[in-house]
Amino acid sequence: MKIALLLRLFWIALGCLAISLGVLGIFLPLLPTTVFLLLAAFCFARSSPRLHAWLVEHPTLGPPILNWRDYRAISQRAKVLAVSTMGVVLLAGLVLGLSAWLVTLQAVVLAGAALFIVTRPTPPIG
């Protein structure tokens, strides 16, 4: 019985950490909000039905989780915001005078992430 309790507490702690990082990702470029919210939902589904319900029913945090769960989709607004943020981050690297190899590496990684994001379907409205 102690192992089950420890495992439940582990999943709750990991879920809380994931939510914290997800909320930070709203404000910090390159910190993926939705990925951390999905991780939190996964953790809470294994540990606390109450926390899981709270998260997926949350008016701000819930819709991206439900869109991904139900449709494997990313909203148009989230796509535009994510790709725009990636562009700003890349531009900041150029303005700050980062070395060419670092800017190139950054561009390749961001292009891969942007390609993944823009090729996901957009969820139905409503």
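Which residues form one aromatic cluster? In this predicted model, the cluster is made of Phe10, Trp11 and Phe42.

Let's start with the rings themselves. With centres counted as paired within 6.5 Å, the total comes to three aromatic pairs. Phe10 and Trp11 make one of them: their planes meet at 65° and their centres are 5.4 Å apart, so this pair is edge-to-face. Trp11 also pairs with Phe42, again edge-to-face, with 5.6 Å from centre to centre and 75° between the planes. Trp11 belongs to helix H1 (residues 2–27) and Phe42 to helix H2 (residues 33–45), so this pair ties together parts that are 31 residues apart in sequence.

| Arginine | Ring | Distance to ring centre |
|---|---|---|
| Arg46 | Phe42 | 3.5 Å |
| Arg120 | Phe116 | 4.2 Å |

Is Ala41 buried or exposed? Ala41 counts as buried, because its relative accessibility is 7% and the limit for buried is under 20%. Setting aside neighbours within four places in sequence, Ala41 is in contact with His52, Leu55 and Ile65. Val88 lies 47 residues from Ala41 along the chain, and the C-alpha atoms of these two are separated by 29 Å.

Terms used:
Residues are numbered from 1 along each chain as its sequence is written. This is a predicted model: local features need pLDDT of at least 70, side-chain atom pairs count only at pLDDT 80 or more; totals for chains, interfaces and linings use all residues. Side-chain values use heavy atoms; hydrogens and water are left out. Rings of Phe, Tyr and Trp (its six-membered ring) pair if their centres lie within 6.5 Å; planes under 30 degrees apart count as stacked, over 60 as edge-to-face and the rest as tilted. Helices (H or I, at least four residues) and strands (E, at least two) are DSSP runs, numbered from the N terminus. A charge sits over a ring if NZ of Lys or CZ of Arg is within 6 Å of the ring centre and within 35 degrees of the ring normal. Buried means under 20% relative accessible area, exposed over 50%, partly exposed in between (1.4 Å probe, protein chains only). Contact means heavy atoms within 4.5 Å.
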